[in-house]
Amino acid sequence: MAVPPGLPVVIVGGLHADARRAAVARLLADVPGSVVLHHDLSTAAAGTVVRTVRDASGLLDLGEAPLVNDCACCALREDLVPELERLRDAGATRLAVVELWDSVEPKAMAEVVTAGGLTVSGVITAVDPALVLPYLGNGDDLADGGLAAAATDQRTVADTFARQLEYAPVLAVADSPEADDEDRELLAQLHPTARLAPIGCEAPADPAGDGLTVPAPRRRPLSSLAEAALAGFDVEAAAAAQHPACALLPAEADAHGVSTLVWSRRRPFHPERLYAALEDLTCAAARSRGRFWLADKPDTLFHWDAAGGALCVESAGPWLASLPDAAWEMVPPVRRAAAALDWHPEHGDRGQHLVFTSPGLDRDGLERLLESCLLTDAEYAAGRDAWQRLPHAFDTLLEV
């Protein structure tokens with residue numbers, strides 16, 4: 001595979017720091033002329049973010065970026081593109097590897113790099129399979145572990161790790177001796193569409209004709225990780241894949257003690273009964289996400305996002321069925337296509353689609369609990385006017 005023209009930029013992130021560093025080291029070794037740019041946000045307490053630039057031989061440059069609005073992540077945003085432009089203009093770098101600090105999420109940085117006119121050639125999250133379940137179960141605030149990216153950062157370890165994992169189309173997987181079949185199965189079920197690239201395996205035989213050219217006397221083939229770093233990345237498609245209306249969520253699965261339950265219904269939830277069941281539903285699985293429909297708010301699509309025993313519920317805008325025809329032109333094509341694939345003659349795209357993944361999942365108990373939260377036959381038959389008079393149990397949670 002040839003290196004793309006210009007300066008390709010691959011973003012490597014993840015809270016599993018040892019795996020991330022190993023993945024970056026592998027890229028440096030496999031792609032001649034590659035350079036790693038890293039902003040260390042742990043120094044923010046001193047008022048600056050430390051920037052390092054290095055290649056396979058060692059440190060090339062050390063500098064500082066001042067905080068912006070008392071926010072280390074904002075300083076990273078402001079400093080990243082100019083530094084990448086400097087590397088591009090110097091002409092000696094063939095691949096820029098942006099190694100994100102622990103809690104920085106790749107989505108935001110991929111969008112910053114693309115908006116700056118540079119080419120993101122890949123986004124990779126490095127993972128240690130043995131740490132997937134412990135991190136998904138860690139509901140501690142990032143700030144408690146010194147991992148907050150700003151003074152106002154209220155994220156948890158679990159929800160940050162989940163987004164890092166699910167956004168990247170490529171997972172750099174560490175060869176962890178502590179990992180077992182359950183750990184690897186959990187990783188596979190959480191992100192079944194991901195390309196898994198081992199960090200430590202040797203490169204395949206030298207491909208003929210289109211390989212990365214290395215100056216004589218030898219030509220080194222690319223590893224699967226390096227190939228993934230140069231495969232190309234679509235920022236808009238990646239963002240669409242995270243939207244609850246059209247996200248590519250995990251499918252039904254059950255292997256090695258890990259299960260994924262996909263639960264879809266066309267009847268709305270009773271707001272009070274669902275609210276009363278939130279704690280049990282949130283704790284039922286290591287990870288759950290999707291979209292849902294409340295009877296008292298029939299035109300609003302709600303996003304369900306749970307990890308680490310904590311649930312985030314928020315409005316994701318209107319259901320398409322609630323929009324006038326003229327407004328559909330403003331909706332991204334991928335959203336319209338997703339709705340058309342599952343359109344109901346009465347309710348349109350409204351419905352429940354929730355996915356729960358976990359070792360030891362009580363599928364039958366979870367389904368019974370979810371079913372008990374739906375409108376009864378009598379409540380459903382009463383119609384939308386009656387639904388909207390039901391108690392607005394979610395208003396406090398949604399800060400309405």
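Arginine 287 has alanine 307 in S12 as its bridge partner. Strand S11 (residues 287-292) and strand S12 (residues 300-307) run antiparallel and are joined by six bridges; two strands count as paired if DSSP finds at least two bridges between them. Strands (E, at least two residues) and helices (H or I, at least four) are DSSP runs numbered from the N terminus. The model is predicted: local features require pLDDT of at least 70 and side-chain atom pairs pLDDT 80 or more, whereas totals for chains, interfaces and linings use all residues. Residues are numbered from 1 along each chain as its sequence is written, and side-chain values use heavy atoms, with hydrogens and water left out.

An open sheet is formed by six strands in the order S9-S10-S14-S11-S12-S13, with antiparallel pairing. Strand S9 (253-255) and strand S13 (310-318) are the edge strands, each pairing on one side only.

Helix H2 (residues 72-90) packs with helix H3 (residues 106-115) at an angle of about 40°, the axes lying 10 Å apart. Axes are lines fitted to C-alpha atoms, for helices over the stretch in contact, and angles between N-to-C directions run from 0 to 180 degrees. In contact (heavy atoms within 4.5 Å), Cys73, Leu76, Arg77, Leu80, Val81 and Leu84 of H2 meet Ala108, Met109, Val112 and Val113 of H3.

The mean pLDDT (the predictor's confidence in each residue, from 0 to 100) of the chain is 90, and 93% of its residues reach 70 or more. Over residues 202-218 pLDDT stays under 50. Where pLDDT is low, the predicted coordinates should not be read in detail.
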